[in-house]
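Dear colleague,

Please find the structure below, followed by an account of what was found in it. I would be grateful if you could read the text with the model open beside you.

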Amino acid sequence: MNDARFSALRKKIIKHLKESLGPRLFAHCLGVEAAAVQIAAASSNHFLIKSCSIAGLLHDASKCLTLFEMQNAAAASGFKIRTAVLEKEGLLHGHVSAVIARRVFGIADVRIISAIRHHTLGRPKMNALEKIIFISDYIEPMRNFEGIETLRRKVYEALFSDGLDHALLLVVRDKIRSLTQLKIDLEKTLPEIEKSLAEKLNM
Ligand SMILES: [Fe+2]
Ligand SMILES: [Fe+2]
C-alpha cells in the first residue's frame, strides 16, 4: 500500500470509528494504534508500521454491535469460530471487526485480518503483527487498571531489550491472571500460548 492510499484509508477508518463508537472506545482504538506503531517503529519496516496502524484502529470496530448482530456477521463471514467464542461478545468482537475491515474498508491482507481476529485470545504461532496488536491492546496509554503502570514499564523494557516474545509473555501472563481473578472462563488458547512461550524463552 503506497503512502497516499494508506493515508486516505486511515482517515476513512478514523471517521467511521468516530461516528460509530463511543468516545472511550474511540480513544482506546487510537491508543492501540499509537502503541502498535511505536512498537513497530523499532523494526523500521514500513509495511509492518502501516499494518499496525490499520489493525490497531480497526481491532474493536464491531464493539458497537449487539451479540445477535455479531453472530449474524460471523455466520456470513466464512471464518471458523468455536461455539464458546460465538457465545460471548468479549471473545467474538475481534472476528466481527475483521469482517468490517474486509467488507467496509476492502482490506484483503490476511495478516491484518488475522491480527484483528485474534487480538483478544491470541493464537498459537502468532506473527509479529499479531503479537504487536495483542500487546498494544493491553497496554495502550488509555488502559487503566491496577498494576498497569508497572506492567507497561516492564513490557517496554522487554520490548527494547529482550524482544517481542518476552513482552508477549508478560502480557499473556497478566491477562490470564486478570481473567482468572474476574472468574471469566479461561479459553485454552491463552494457557497454551503461555506454555509454549515459557518453554521457548525458559522463563
Ligand atoms: Fe477487543
Ligand atoms: Fe481493544
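His 28 counts as buried, because its relative accessibility is 8%. His 59 is likewise classed as buried, with a relative accessibility of 0%. Please note that the model is a predicted one, and that every value in this message was computed from it.

Both histidines belong to a metal site. The iron ion (ligand 2) is coordinated by His 28 and His 59 through NE2, and by Asp 60 and Asp 137 through OD, at 2.1 to 2.2 Å. Along the sequence, these donor residues have the spacing H-x30-H-D-x76-D. The site links distant parts of the chain: His 28 lies in helix α2 (residues 23-41), whereas His 59 is in the loop between α3 (46-58) and α4 (67-75), 31 residues apart. What is the arrangement of the four donor atoms around the iron ion (ligand 2)? It is irregular, because the angles they subtend run from 85 to 177°. A tetrahedral assignment would require all angles to lie between 85 and 135 degrees.

The iron ion (ligand 1) is coordinated at 2.1 Å by Asp 60 (OD), His 93 (NE2) and His 119 (NE2). The spacing of its donors along the chain is D-x32-H-x25-H. Which residue bridges the iron ion (ligand 1) and the iron ion (ligand 2)? Asp 60 does so, and the two ions lie 3.3 Å apart. Asp 60 is in the loop between α3 and α4, and His 119 is in the loop between α7 (110-117) and α8 (128-139), so this pair ties together parts that are 59 residues apart in sequence. Asp 60 and His 119 are both buried.

What does Leu 58 touch, leaving aside its neighbours within four places in sequence? Its contacts are Ile 13, Ser 97, Ala 101, Phe 105, Ile 107 and Ile 116. As a general point, nonpolar side chains tend to be buried together in soluble globular proteins.

The cysteines can be reported briefly. How many disulfides are there? The count comes to zero.

- Arg 10 forms a salt bridge with Glu 33, with 2.6 Å between the closest N and O atoms. Arg 10 lies in helix α1 (residues 3-20) and Glu 33 in helix α2, so the pair ties together parts that are 23 residues apart in sequence. Arg 10 is partly exposed, with a relative accessible area of 28%, whereas Glu 33 counts as buried at 7% relative accessibility.
- Arg 173 and Glu 194 meet through their side chains in a salt bridge of 2.7 Å, N to O. Arg 173 lies in helix α10 (residues 164-181) and Glu 194 in helix α11 (residues 189-201), so this pair ties together parts that are 21 residues apart in sequence. Arg 173 is partly exposed, with a relative accessible area of 33%.
- Arg 152 and Glu 149 form a salt bridge at 3.9 Å, N to O. They are three residues apart in helix α9 (residues 148-161), so about one helical turn separates them. Arg 152 is buried, with a relative accessible area of 15%, whereas Glu 149 is exposed, with 59%.
- Lys 131, Asp 165 and Lys 200 are linked in a network of salt bridges.

With kind regards

How values were computed: Residues numbered from 1 in each chain as written. Chains lettered and ligands numbered in written order. Predicted model: local features only at pLDDT ≥ 70, side-chain atom pairs only at ≥ 80, totals over all residues. Heavy atoms only, no water. Contact = heavy atoms within 4.5 Å. Donors = N, O, S within 2.8 Å, 3.2 Å for Na, K, Ca; no water. Tetrahedral: all angles 85-135°; square planar, octahedral: opposite > 155°, others 65-115°. Helix = DSSP H or I, 4+ residues; strand = E, 2+ residues; numbered from the N terminus. Buried < 20%, exposed > 50% of the residue type's maximum accessible area, 1.4 Å probe, protein only. Disulfide = S-S within 2.5 Å. Salt bridge = Lys/Arg side-chain N within 4 Å of Asp/Glu carboxyl O.
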